[in-house]
Amino acid sequence: MDKVIFHIDVNSAFLSWEAVYRLHILGEKTDLREIPSAVGGDIKKRHGIILAKSTSAKKYGVRTGDTISEAQKLCPDIVLVAPHYDLYDTSSKAFMEILRDFSPCVEQYSVDEAYCDMTGTMGLYGSTVVAANLIKDKISSELGFTVNIGVSSNKLLAKMASDFKKPNLVHTLFPEEMEKKMWKLPVEELFYVGRATTKKLHTLGIHTIGELARTDLDILRSHFKKYGELIYAFANGIDLSVVTKEETPNKGYGNSTTIAFDVDDESVAKMVLLSLAETVCARLRKDSVMATVVAVSIVDFEFHHASHQMTLLTASNTTNEIHKAACRLFDELWDGTPLRNLGIHTSKLVSGETMRQMNFFDMDHYEKLSKLDKAVDVVRERYGDNSIMRATFLNNPIYHMTGGIPPEKRKPNNKEGIKE
Amino acid sequence: MNHMPVDVIATFNVQGKIKPNYIRLEDDSHALQTYKIESIVYSKEEKYAGVSVLLFCCNIKLGNCMQMINIKYHIKTHQWVMVNELHETKETPECL
């Protein structure tokens with residue numbers, strides 16, 4: 001039987017969810033989706049980029065990733081709202097739940113995108129387009145926001161189809177429609193083709209997906225190696241990957257933060273690293289894994305990136321140990337340039353149940369520290385992140401657990417439910 | 001006008017069904033008045049943006065006139081709000 005794959009994509013997800021929340025839960029009268037508006041970060045904290053924008057803001061040329069000042073220049077009347085990740089999490093879960101009503105095999109691809117394997121559901125819902133419209137309309141009537149659905153026989157083509165005209169539409173892109181619907185598109189529209197590749201392809205005289213599909217594979221191989229084969233296959237609509245329900249395990253855990261001021265003091269930087277180590281290690285411990293490789297990344301005030309990594313003697317997930325490694329890396333990496341962003345990334349994971357190699361020179365009392373971490377995790381789980389913190393963070397502008405989503409951005413108006 | 005948080009007395013039966021009985025609203029002189037919910041016209045569950053809410057369309061008696069109001073119960077936060085819809089904002093102020 002031929003496969004039937006849907007790719008479902010929420011139209012300007014964060015903005016739509018914000019709009020529906022304000023309309024139906026807070027009872028506001030303006031629909032953010034109907035005016036030039038965007039969800040954006042906090043300029044004062046230098047998190048000032050556009051995360052999602054409305055269709056009418058798009059008409060002014062506002063793009064996701066633009067800085068807030070750029071967006072305001074393009075569209076002076078733009079209404080900006082702060083993000084609330086807890087709400088997006090709720091909306092995303094409800095969205096996935098509806099998809100699971102329709103298909104036993106749903107793969108969540110991101111917070112606002114999913115693949116559904118709809119093979120063999122014709123007997124239930126009729127033709128594929130009818131089924132897609134059913135899902136689309138159910139989401140819009142029950143949850144209040146709109147989606148685009150791409151219908152095809154594999155994941156790649158379905159994803160390409162969901163990106164056609166928006167919003168609130170169903171598109172098909174079966175292999176026989178490729179020539180008409182996909183090949184005329186500019187090559188940068190192809191999934192997996194980024195800015196760097198686009199530039200390279202343009203110098204080769206390849207401007208549309210069709211041109212890429214008809215290019216000699218050996219030419220692509222010589223320029224792009226293995227990746228050339230992948231984009232060649234994609235341009236020809238070939239994608240052998242299957243929709244999988246199981247989540248693929250994390251390959252690494254990392255957190256980074258943009259600091260509200262430029263850091264030029266070593267002790268401050270190390271404090272930031274400690275607060276990052278707190279959250280990264282808490283995540284490692286939560287999933288009962290330990291990391292063998294620790295990496296530190298920095299971005300200086302001129303946006304130059306740099307990173308440095310090392311392998312630990314034995315895998316670990318204790319905050320102190322990871323922080324110590326991070327500090328060593330930081331000392332080797334940093335030349336004193338003021339920094340705007342710091343990050344810790346851990347990888348080469350091993351299961352937390354593995355025996356730890358005892359170290360004769362363990363001056364850090366690993367066992368004690370790991371027990372302490374466990375106790376702290378339990379306290380924080382029960383009484384909140386701020387119930388216990390290292391004394392060094394007292395009266396300190398640096399939050400003791402940096403990375404991920406800060407608490408003030410999670411909840412709408414800092415409070416679930418109703419605005420007071 | 002946004003939805004307004006309100007105080008409600010409700011009963012919860014053994015099947016988990018929720019029924020609002022009394023609602024407390026401000027009158028013209030900003031004094032709190034308790035009104036009996038005379039009847040529930042209909043109720044339904046909403047899930048806009050994934051937030052579970054129970055909507056009750058009910059009648060309360062204001063002096064001699066019956067007034068239809070919509071109130072919502074937020075399942076997660078256990079809060080009650082009164083819905084201020086356009087057609088209602090026209091009527092409610094003078095009645096209350």
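In the predicted model, 16 residues of chain B are in contact with 23 residues of chain A (C-beta atoms, placed from the backbone, within 7 Å). The side of chain B that touches chain A holds six nonpolar, seven polar and three charged residues. Here Ala, Val, Leu, Ile, Met, Phe, Trp, Tyr, Cys and Pro count as nonpolar, Asp, Glu, Lys and Arg as charged, and the others, Gly among them, as polar. Residues are numbered from 1 along each chain as its sequence is written, and chains are lettered from A in the order in which they are written. Because the model is predicted, local features need pLDDT of at least 70 and side-chain atom pairs count only at pLDDT 80 or more, while totals for chains, interfaces and linings use all residues.

Two helix pairs were examined within chain A. Helices are DSSP runs (H or I, at least four residues), numbered from the N terminus. Helix α13 (residues 266–286) of chain A packs against helix α14 (residues 319–333) of chain A at about 140°, with axes 9 Å apart. Axes are lines fitted to C-alpha atoms over the stretch in contact, and angles run from 0 to 180 degrees between N-to-C directions.

Helix α11 (residues 217–224) of chain A meets helix α12 (residues 226–235) of chain A at about 135°, with axes 6 Å apart. That angle makes α11(A) oblique to α12(A). Five nonpolar, two polar and two charged residues form this contact. Among them are L217(A) and F224(A) in α11(A), and Y227(A) and Y232(A) in α12(A).

Notes
Two residues are in contact if their C-beta atoms, placed from the backbone, lie within 7 Å. Angles under 35 degrees count as roughly parallel, over 145 as roughly antiparallel, 65 to 115 as roughly perpendicular and the rest as oblique.
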